[in-house]
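Please keep the sequence and the model in view while reading.

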Amino acid sequence: MRRALYAADHETYRETVRVFLEREVAPYKDKWDENRWIDREVYKKAAAAGLYGLEIGEEYGGSGVHDYRYRAVVCEEVSRIGALSFNTTISLQDDLVLHYLLDLTNDEQKQRWLPGFATGEIIGALAMTEPGAGSDLRGIRTSAVREGDSWIINGQKTFISSGIMADVVVLAARTDPEAGSRGFSLFVVERGTPGFEHGRKLDKIGLHGQDTAELFFVNARVPHANLLGEEGKGLQYLMSHLPRERLGLSAKAMGTTRAILDQTIEYCKQRRAFDQPIADFQHIRFELAEMQTEVDIAEAYFDKSVLAYNTGELDPIDAAKGKWYISELQKRVIDRCLQLHGGYGYMTEYPVAKAFTDTRIQTIYGGTTEIMKELIGRALVR
């Protein structure tokens, strides 16, 4: 079945992305995972090649292209070569941090940060999660108190993707304990801010090349000029950016699921048992048929979501549906694909083995499956 989502321009772009990845990412991705660190220079090269930051306006060094299909192409191609740590950082920049800066900054702030993002010299992180606050953002305890032309920030964040590498951190803090949902604000905290410390690099079961860290704020003095948007609207801003974040998570899950399934089909055609390819066994064919059908159906929903996002019509509930379903499908399909690889599926030299651990987080971050279902359920009975 021909995929109608893409036009000729997207396929031309795909070839550009593929050439870049084969030259600058594929030869190094395993070494990055071994070193628990991705070479920063690759982000400068990726930005120059147009792999991310396309939506930054031309006046700040970007292309000003607003079409999520290009973002989906990148997810698919990075998934195809199995560079999932790299994919996570690119997604973090394009689907999260950059959109807060594009949507909420004033002209002076845009001049300060967007040119660096456009060249890949500035890497960003989003700091919402705390030891006692994950999917429930109202549980945030990090505080920011106004003092003249500064804000004094105290608190701790954890599980922060690119927390070590980040030059700027979009931080959610409580600015008015008595104001309920209107008591939160967003700030951009820059590397080197007094009182701001990057904590230890956390040891994860997967995505080893992509650094994840704790962040500490002890009387960190942040200029008032680094307030993002309006004071008291932090929770509203976080909520309004969730469709893009969850679409990004769906894009990564969709790309990886399709890539691993395609590789598994080829493996089953080549792997022999009892003097025949294992794909000749009816049970194996049924397994592949079920997975292919489910992935095709999920892909149709994802494509519909991409087009809705492009026209500004993707609402948070529809994005939540895609996020939980596609990430859970990814978990099931990759687990089954590993089984079909037999003992080889347990060897990290095979892409399915790395995908098994690298993708496990996707039903958790960006809102757990349980939270997604709760949001959808509330909307149904409201």
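A salt bridge is here a side-chain nitrogen of Lys or Arg within 4 Å of a carboxyl oxygen of Asp or Glu. By that criterion Arg-3, Glu-11, Arg-14, Arg-18, Glu-22, Glu-76, Glu-77, Arg-80, Arg-258, Asp-296, Glu-299 and Asp-303 are linked in a network of salt bridges. The model is predicted, with local features needing pLDDT of at least 70 and side-chain atom pairs counting only at pLDDT 80 or more, while totals for chains, interfaces and linings use all residues. Residues are numbered from 1 along each chain as its sequence is written, and side-chain values use heavy atoms, with hydrogens and water left out.

**Overall form**

- The chain has 12 helices and 10 strands, these being DSSP runs numbered from the N terminus (helices are H or I with at least four residues, strands are E with at least two).
- The radius of gyration, taken over C-alpha atoms, is 21 Å, which agrees with the value near 21 Å for a compact globule of 382 residues, where the globule rule is 2.2 Å times the number of residues to the power 0.38.
- Along the principal axes, the C-alpha atoms fill a box of roughly 80 × 50 × 40 Å.
- Of the 382 residues, 54% count as buried, a class that means under 20% relative accessible area, with exposed meaning over 50% and partly exposed lying in between (1.4 Å probe, protein chains only).
- Among contacts (heavy atoms within 4.5 Å) with a separation of 6 or more, 75% come from residues 24 or more positions apart.

**Salt bridges**

- The structure holds 36 salt bridges, and one of them joins Arg-3 to Glu-299, with the closest N and O atoms 3.4 Å apart.
- That pair links distant parts of the chain, since Arg-3 lies in the segment before helix H1 (8–24) and Glu-299 in helix H9 (residues 282–310), 296 residues apart.
- Glu-299 counts as buried, at 13% relative accessibility.
- Arg-112 and Glu-108 meet through their side chains in a salt bridge of 2.7 Å, N to O, and both lie in helix H6 (residues 107–119), four residues apart, about one turn of the helix.
- Glu-230, which is partly exposed with a relative accessible area of 46%, forms a salt bridge with Lys-233 at 3.4 Å between the closest N and O atoms.

**Glu-130 and its surroundings**

- Glu-130 sits in the loop between strand E1 (124–127) and strand E2 (143–147), where this residue is buried with a relative accessible area of 7%.
- The side chain of Glu-130 reaches the backbone nitrogen of Arg-141 at 2.8 Å.
- Leaving aside residues up to four places away in sequence, Glu-130 touches Gly-139, Ile-140, Arg-141, Thr-142, Gln-156, Lys-157 and Thr-158.

- The buried residues of H11 are Val-352, Ala-353, Lys-354, Ala-355 and Asp-358, and what covers them includes helix H2 (29–35), helix H5 (84–104), helix H8 (242–270) and H10.
- Met-347 lies in the loop between helix H10 (316–340) and helix H11 (351–358), and is partly exposed with a relative accessible area of 35%.

Key: Polar contact = N/O pair within 3.5 Å; in protein donor to acceptor, adjacent residues only side chain to side chain.
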